Amino acid sequence: MTRLVRGADGRMWTVRGRMSWANMDGADDFEHDVAGGHGPGIGMIAILVLLTVVLLVWRPDGVVVPGWLILALVILFLFFPARWALRRPWTIVAETPGDLDEHPPERWVGTVRGVFTVRQETSKVARNIEVYSLPNVDGPLQPVD
């Protein structure tokens, strides 16, 4: 996701977002990382799969499992991986090479969580650059030296 934006002062800015596969902000998710590692998640998935197999296989012959129950179990299996994928952290970078006359090169970097949030924030950053020639200091982006 890359955009070219012309600032109010005439400088060209490049605003881009990139998905981060590693959690860089450990402070926000501290309470979720108490167990640490992938072991508890894998254990819960194994228990869920085992209980589903027992439900579907170990039943009397006359019992018919409705289709909506199987669909509900599939949705339950897919909910957390889909949520994980949609809530990945994204790094937004806004940079300009500057010009030789007045303005030095600038680089602003910030982190946003979620696919939909990164689209909104990228649009806000682009709009702030068009109007004020800089990203908003109160937003997720901060200047980097």
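Two strands are said to pair if DSSP finds at least two bridges between them. Helices (H or I, at least four residues) and strands (E, at least two) are DSSP runs, numbered from the N terminus. Strands of a sheet pair through backbone hydrogen bonds, either parallel or antiparallel.

R3 stands opposite V15 in β2, and R6 stands opposite M12 in β2. Five residues lie between the two strands of this hairpin, where G10 takes a positive phi near 100 degrees.

## The sheet

The five strands form an open sheet in the order β1-β2-β3-β4-β5, with antiparallel pairing. β1 and β5 (142-143) stand at the edges with a single partner strand each, so one side of each has no neighbour in the sheet.

Further in, β2 pairs with strand β3 (residues 89-96) in the antiparallel sense over six bridges. The bridge partner of R18 in β3 is T91, while M19 stands opposite W90 in β3.

## The order of elements and the overall form

The chain contains three helices and five strands. From the N terminus on, these elements run β-β-α-α-β-β-α-β.

The chain has a radius of gyration of 23 Å, whereas a compact globule of 145 residues would have one near 15 Å. This radius is taken over C-alpha atoms, and the globule rule is 2.2 Å times the number of residues to the power 0.38. Along the principal axes, the C-alpha atoms fill a box of roughly 85 × 30 × 20 Å. Of the 145 residues, 23% count as buried; buried means under 20% relative accessible area, exposed over 50%, and partly exposed in between (1.4 Å probe, protein chains only). Among contacts in the chain with a separation of 6 or more, 67% come from residues 24 or more positions apart. A contact means heavy atoms within 4.5 Å.

## The pair of helices α1 and α2

Helix α1 (residues 39-57) and helix α2 (residues 67-86) pack at an angle of about 170 degrees, with their axes 12 Å apart. Axes are lines fitted to C-alpha atoms, for helices over the stretch in contact, and angles run from 0 to 180 degrees between N-to-C directions. The two helices are therefore roughly antiparallel to each other. Angles under 35 degrees count as roughly parallel, over 145 as roughly antiparallel, 65 to 115 as roughly perpendicular and the rest as oblique.

On the side of α1, the contact is made by L48, V49, T52, L55 and L56, and on the side of α2 by L69, I70, L73, L76 and F77. By class, this contact has nine nonpolar residues, one polar residue and no charged residues. Here Ala, Val, Leu, Ile, Met, Phe, Trp, Tyr, Cys and Pro count as nonpolar, Asp, Glu, Lys and Arg as charged, and the others, Gly among them, as polar.

Helix α3 (residues 115-132) lies across β1, β2, β3 and β4 (106-113), and runs at about 20 degrees to β1. S123 belongs to this helix and counts as partly exposed, at 33% relative accessibility. S123 and P143 are 20 residues apart in sequence, and their C-alpha atoms are 18 Å apart in space.

N128 also has its place in helix α3, and counts as buried at 17% relative accessibility. Leaving aside residues up to four places away in sequence, N128 touches S133, L134, P135 and N136. S133 is in the loop between α3 and β5, and is buried with a relative accessible area of 10%. Phi of S133 is near 70 degrees, a positive value in a residue other than glycine.

## Notes on the model

Residues are numbered from 1 along each chain as its sequence is written, and side-chain values use heavy atoms, with hydrogens and water left out. In this predicted model, local features need pLDDT of at least 70 and side-chain atom pairs count only at pLDDT 80 or more, while totals for chains, interfaces and linings use all residues.
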